[in-house]
Amino acid sequence: MATLWKRVAFLAALIILWETVFRLGIWPDFMFPGPVQVIETLIRGFSEGNYVPALLNSLRRLFIGYVIAVILGTIIGVLMGRFKSLEETLGVVILPLQSVPSVVWLPLALLWFSMGEAAMIFVVVIGGLWNMIMSTTAGIKGVDPVLIQCGRNLGFGGGKIFTKVILPAAIPSMITGMRLAWAFCWRALMAAEIIGTGQGLGQVLMWGRDMGNMSTVMAVMFIIAATGMISDGFVFKRLENRIYQQWGLL
């Protein structure tokens with residue numbers, strides 16, 4: 001409860017600071033709207049039905065790309081964790097690719113899939129794939145040798161040791177990878193939607209910028225941040241804590 005009140009007080013202080021800077025009039029209202037203006041824009045956007053379709057479109061693209069990234073990343077990560085030769089070859093490429101911003105892939109995606117849904121989903125997949133691969137590989141390789149030896153003592157062979165010992169022990173690391181992949185997929189989606197076509201939060205944000213409507217830009221930023229906070233706090237954090245408790249890590 002104390003932590004909750006600290007966070008509420010911190011957010012209240014941020015809003016007061018924001019309102020204070022707004023009232024100082026350093027920038028015109030349309031360039032730096034105050035919190036009241038942004039809240040009014042949010043309420044108007046939702047009541048007029050402008051934000052809900054854009055949010056649903058973005059979540060649909062995000063979910064499709066994220067699921068593909070998690071499945072592919074888990075398969076590749078498990079293979080890299082199990083086969084040293086694959087890690088020594090493919091692993092050399094994964095790390096540099098992770099440092100390439102997802103939006104850089106968009107020109108290639110537009111050429112390969114034309115300007116549309118497939119291109120944006122491809123960028124989302126790329127955004128989460130590398131983290132999922134690296135987290136899964138690290139989880140597989142980081143299993144305590146004592147656990148593996150215990151499995152052997154119980155008479156488990158290679159396949160059973162993997163399914164009964166190694167894979168379950170790697171799940172906490174994989175959950176962390178899923179959590180990071182979700183955040184990176186969000187970033188990739190916004191970058192793709194800003195440049196791409198269709199209706200999504202990124203396109204609404206670009207419309208606000210083109211119209212000089214910074215209140216809409218900030219409202220969309222708030223929706224993105226709130227969606228990320230809700231999904232992380234109510235889904236991934238709880239799932240991670242439950243897994244960690246089951247494995248005795250909390």
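Helices here are DSSP runs of H or I with at least four residues, and strands are runs of E with at least two, both numbered from the N terminus.

**Entry 1: the ground rules.** I am looking at a predicted model, in which local features need pLDDT of at least 70 and side-chain atom pairs count only at pLDDT 80 or more, whereas totals for chains, interfaces and linings use all residues. I count residues from 1 along each chain as its sequence is written, and side-chain values use heavy atoms, with hydrogens and water left out.

Entry 2: I looked up the UniProt record, an unreviewed entry, and it places the feature "domain: ABC transmembrane type-1" at residues 55-235. I note that UniProt positions are given in the numbering used here, that feature names are shortened, and that annotations may be inferred rather than shown by experiment. In the model, the span of residues 55-235 is 86% helix and 0% strand, and its end C-alpha atoms lie 18 Å apart.

**Entry 3: the annotated transmembrane regions.** Under "transmembrane region", the unreviewed UniProt entry lists residues 63-83, 90-113, 119-140, 161-182 and 216-236. I checked residues 161-182 and found 100% helix and 0% strand, with the end C-alpha atoms 30 Å apart. For residues 216-236 the span is likewise 100% helix and 0% strand, and there the end C-alpha atoms lie 29 Å apart.

**Entry 4: the whole chain.** I find 10 helices and zero strands in the protein chain, and along the sequence the pattern reads α-α-α-α-α-α-α-α-α-α. The C-alpha atoms fill a box of roughly 70 × 50 × 30 Å, taken along the principal axes. Of the 250 residues in the protein chain, 38% are buried, a word that stands for under 20% relative accessible area, with exposed meaning over 50% and partly exposed in between (1.4 Å probe, protein chains only). I also looked at contacts (heavy atoms within 4.5 Å), and among those between residues at least 6 apart in sequence, 68% join residues at least 24 apart.

**Entry 5: H3 against H10.** Two packed helices are described by the angle between their axes and the distance between the axes. The axes are lines fitted to C-alpha atoms, for helices over the stretch in contact, and angles run from 0 to 180 degrees between N-to-C directions. For helix H3 (residues 51-82) and helix H10 (residues 214-246), I read axes that come within 12 Å and cross at roughly 45 degrees. That makes H3 oblique to H10, since angles under 35 degrees count as roughly parallel, over 145 as roughly antiparallel, 65 to 115 as roughly perpendicular and the rest as oblique. The residues that meet are Tyr 51, Leu 55, Leu 59 and Tyr 66 from H3, and Thr 216, Ala 219, Ile 223, Thr 227 and Phe 236 from H10. By class, the contact of H3 with H10 has seven nonpolar residues, two polar and no charged; Ala, Val, Leu, Ile, Met, Phe, Trp, Tyr, Cys and Pro count as nonpolar, Asp, Glu, Lys and Arg as charged, and the others, Gly among them, as polar.

**Entry 6: H4 against H6.** Helix H4 (residues 84-98) and helix H6 (residues 117-141) pack at an angle of about 135 degrees, and their axes are 10 Å apart. That makes H4 oblique to H6. H4 brings Glu 87, Ile 94, Leu 95, Leu 97 and Gln 98 to the contact, while H6 brings Trp 130, Asn 131, Ile 133, Met 134 and Lys 141. By class, the contact of H4 with H6 has six nonpolar, two polar and two charged residues.

**Entry 7: single residues.** In the lists of touching residues below, I leave out neighbours up to four places away in sequence.

- Ser 58 lies in helix H3 and is buried, with a relative accessible area of 0%; I find that Ser 58 touches Leu 189, Met 190, Glu 193, Gly 200 and Leu 201.
- Glu 19 lies in helix H1 and is buried, with a relative accessible area of 16%, and Glu 19 touches Gly 34 and Pro 35.
- Arg 179 is found in helix H8 (residues 158-195) and is partly exposed, with a relative accessible area of 23%; Arg 179 is in contact with Asp 232, Phe 236, Lys 237 and Glu 240.
- Ala 9 belongs to helix H1 (residues 2-24) and is partly exposed, with a relative accessible area of 46%.
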